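Student: I would like to learn how to read a few features of a model. Please start with the charged side chains.

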Amino acid sequence: MSLALVRVDDRLVHGQVLLGWGPALDPARYVVVDDGLAADPFERALIEASVGTVPLEVLALAAAVPRLAALALAPEPAIVLVRSLPEVARLVAGLARAGALLPAINLGGLHYAPGKSRVH
C-alpha cells in the first residue's frame, strides 16, 4: 500500500489528517500537491513545520506526477493531499498517462466559496 491515501481537502494539512489519518495509516511521508504552495517558500516552510518528524514534500502538479508514480511502486505508505477537485482530476489524468492508477480518492473539506457550486 504505497499511496495509502489520496485526499482532496482545501485545508491540506490539518488536525484530522495529522491526528486521525496519520496514526491509522502510519505514513512514511506526506505529499502536498499544490502549485501555489510549491511556489511560495514561506508558506511551504510553514506547512513543512506542521507535520513533526514525518517528511513532507510540497510539489507543483508537473513535478508531482512522476514523483507519485514512483511512490506508487514504493513499499512505504504515503499520504497525498490535494486542495481541489480540478487539481486532483489533473493529477489523476497525469498518473493514468504514467501508468499509475489510483484505487480511491478521499473527499474531505471542500468548503463553499465564490466561484464554487454549492451541492450540500
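Student: Is arginine 7 buried or exposed?

Tutor: Buried means under 20% relative accessible area, exposed means over 50%, and partly exposed lies in between (1.4 Å probe, protein chains only). Arginine 7 has a relative accessible area of 3%, so the residue is buried. This is a predicted model, in which local features need pLDDT of at least 70 and side-chain atom pairs count only at pLDDT 80 or more, while totals for chains, interfaces and linings use all residues. Residues are numbered from 1 along each chain as its sequence is written, and side-chain values use heavy atoms, with hydrogens and water left out.

Student: Which residue forms a salt bridge with arginine 7?

Tutor: A salt bridge is a side-chain nitrogen of Lys or Arg within 4 Å of a carboxyl oxygen of Asp or Glu. Here the partner is aspartate 9, with the closest N and O atoms 3.0 Å apart. Aspartate 9 counts as buried, at 1% relative accessibility.

Student: How many salt bridges does a search of the whole structure find?

Tutor: The search finds five. One of them joins arginine 29 to glutamate 57, with 2.9 Å between the closest N and O atoms. Arginine 29 lies in strand S2 and glutamate 57 in strand S3 (residues 56-59), so the pair ties together parts that are 28 residues apart in sequence. Strands (E, at least two residues) and helices (H or I, at least four) are DSSP runs, numbered from the N terminus.

Student: Which strands are joined to S4 by bridges?

Tutor: Two strands pair if DSSP finds at least two bridges between them. Five bridges join S1 (residues 3-8) to S4, and these strands run parallel. S2 (residues 29-33) is also parallel to S4, again with five bridges. Valine 6 stands opposite valine 80, and tyrosine 30 has isoleucine 79 as its bridge partner.

Student: Why is S4 described as largely enclosed?

Tutor: Five of the five residues of S4 (residues 78-82) are buried, so the strand is largely enclosed by the rest of the structure. Ala78, Val80 and Val82 cover one side, and Ile79 and Leu81 the other; all are buried.

Student: What does a probe tell us about empty space?

Tutor: Rolling a probe the size of a water molecule over the atoms shows where empty space is left. On a 1 Å grid over the protein atoms alone, a pocket is an open set of points where a 1.4 Å probe fits, with protein on both sides within 12 Å along at least five of seven lines; lining residues have an atom within 4 Å of a point. S1 gives the most to the lining of the second largest pocket, with four residues.
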